[in-house]
Amino acid sequence: MTDLTPPEHEHSDIVDEAARWYATTPRDFNTPGVVLLRERFGLTALQACEALKMANLIKARSL
């Protein structure tokens with residue numbers, strides 16, 4: 001088995017926090033998700049995309 005190294009499979013606490021926030025916040029925004037997360041949490045575009053992916057998984061599990 002190949003050992004994966006960052007950044008492929010490492011999530012930072014801020015990405016987790018952003019995902020939880022996005023998954024639990026009502027959608028009253030006029031700003032796209034990536035832009036919103038980058039501005040609010042200071043994420044890179046890649047981190048924001050990962051947070052959105054995680055937020056979608058969080059929402060899917062709660063249904």
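**Stop 1: Arg20**

Select Arg20, which lies in helix α1. This is a predicted model, so read every value as computed. Arg20 and Lys59 are 39 residues apart along the chain, yet their C-alpha atoms are separated by 9.2 Å. Both residues take part in the contact of α1 with α3.

**Stop 2: the whole chain**

Zoom out. The chain has 3 helices and 0 strands. From the N terminus on, the order of elements is α-α-α. Colour by burial: buried residues make up 27% of the 63 residues.

**Stop 3: helix α1**

Select residues 13–24, which form helix α1. This helix has 12 residues. From first C-alpha to last it reaches 17 Å, close to the 16 Å expected at 1.5 Å a residue. Which residues of α1 are buried? Show Val15, Ala18, Ala19, Trp21, Tyr22 and Ala23. These buried residues pack against α2 and α3.

An α-helix has 3.6 residues a turn, so residues three or four places apart point the same way.

**Stop 4: α1 against α3**

Two packed helices are described by the angle between their axes and the distance between the axes. Here the axes of α1 and α3 come within 8 Å and cross at roughly 50°. The two helices are therefore oblique to each other. Their crossing is right-handed.

Show the side chains. On the α1 side, select Val15, Asp16, Ala18, Ala19, Arg20, Tyr22 and Ala23. On the α3 side, select Gln47, Glu50, Ala51, Leu52, Met54, Ala55, Ile58 and Lys59. By class, this contact holds 10 nonpolar, 1 polar and 4 charged residues.

**Stop 5: α1 against α2**

Hide α3 and bring in residues 33–41, helix α2. The axes of α1 and α2 come within 11 Å and cross at roughly 125°. That angle makes α1 oblique to α2. This crossing is right-handed.

From α1, pick Ile14, Glu17, Ala18, Trp21 and Tyr22. They meet Gly33, Leu36, Leu37, Arg40 and Phe41 in α2. The contact of α1 with α2 counts 7 nonpolar, 1 polar and 2 charged residues.

**Stop 6: α2 against α3**

How are α2 and α3 arranged, roughly parallel or roughly perpendicular? They pack at an angle of about 115°, with their axes 9 Å apart. The two are therefore roughly perpendicular to each other. The crossing of α2 and α3 is right-handed.

Select Gly33, Val34, Leu37 and Arg38 in α2. Their partners in α3 are Ala45, Ala48, Cys49, Ala51 and Leu52. The residues of this contact divide into 7 nonpolar, 1 polar and 1 charged.

**Stop 7: helix α3 by itself**

Colour the buried positions: Ala48, Ala51, Leu52, Met54 and Ala55. They pack against α1 and α2.

With 42% relative accessibility, Cys49 counts as partly exposed. Draw a C-alpha to C-alpha distance to Val15: the pair is 9.4 Å apart in space and 34 residues apart in sequence.

**Stop 8: Leu43**

Finish in the loop between α2 and α3, where Leu43 sits. Is Leu43 buried or exposed? Leu43 counts as buried, because its relative accessibility is 4% and the cut-off is under 20%.

Beyond residues up to four places away in sequence, the list is Ile14, Val15, Ala18, Leu37, Arg38, Ala48 and Ala51. Centre on Ile14 last. Leu43 and Ile14 are 29 residues apart in sequence and 8.0 Å apart in space, C-alpha to C-alpha.

Note on methods
Residues numbered from 1 in each chain as written. Predicted model: local features only at pLDDT ≥ 70, side-chain atom pairs only at ≥ 80, totals over all residues. Heavy atoms only, no water. Buried < 20%, exposed > 50% of the residue type's maximum accessible area, 1.4 Å probe, protein only. Axes fitted to C-alpha atoms, helices over the stretch in contact; angles between N-to-C directions. Helix = DSSP H or I, 4+ residues; strand = E, 2+ residues; numbered from the N terminus. Parallel < 35°, antiparallel > 145°, perpendicular 65-115°, else oblique. Left-handed = near helix turned anticlockwise from the far one by under 90°. Contact = heavy atoms within 4.5 Å. Nonpolar A, V, L, I, M, F, W, Y, C, P; charged D, E, K, R; others polar. Expected span 1.5 Å × (residues − 1).
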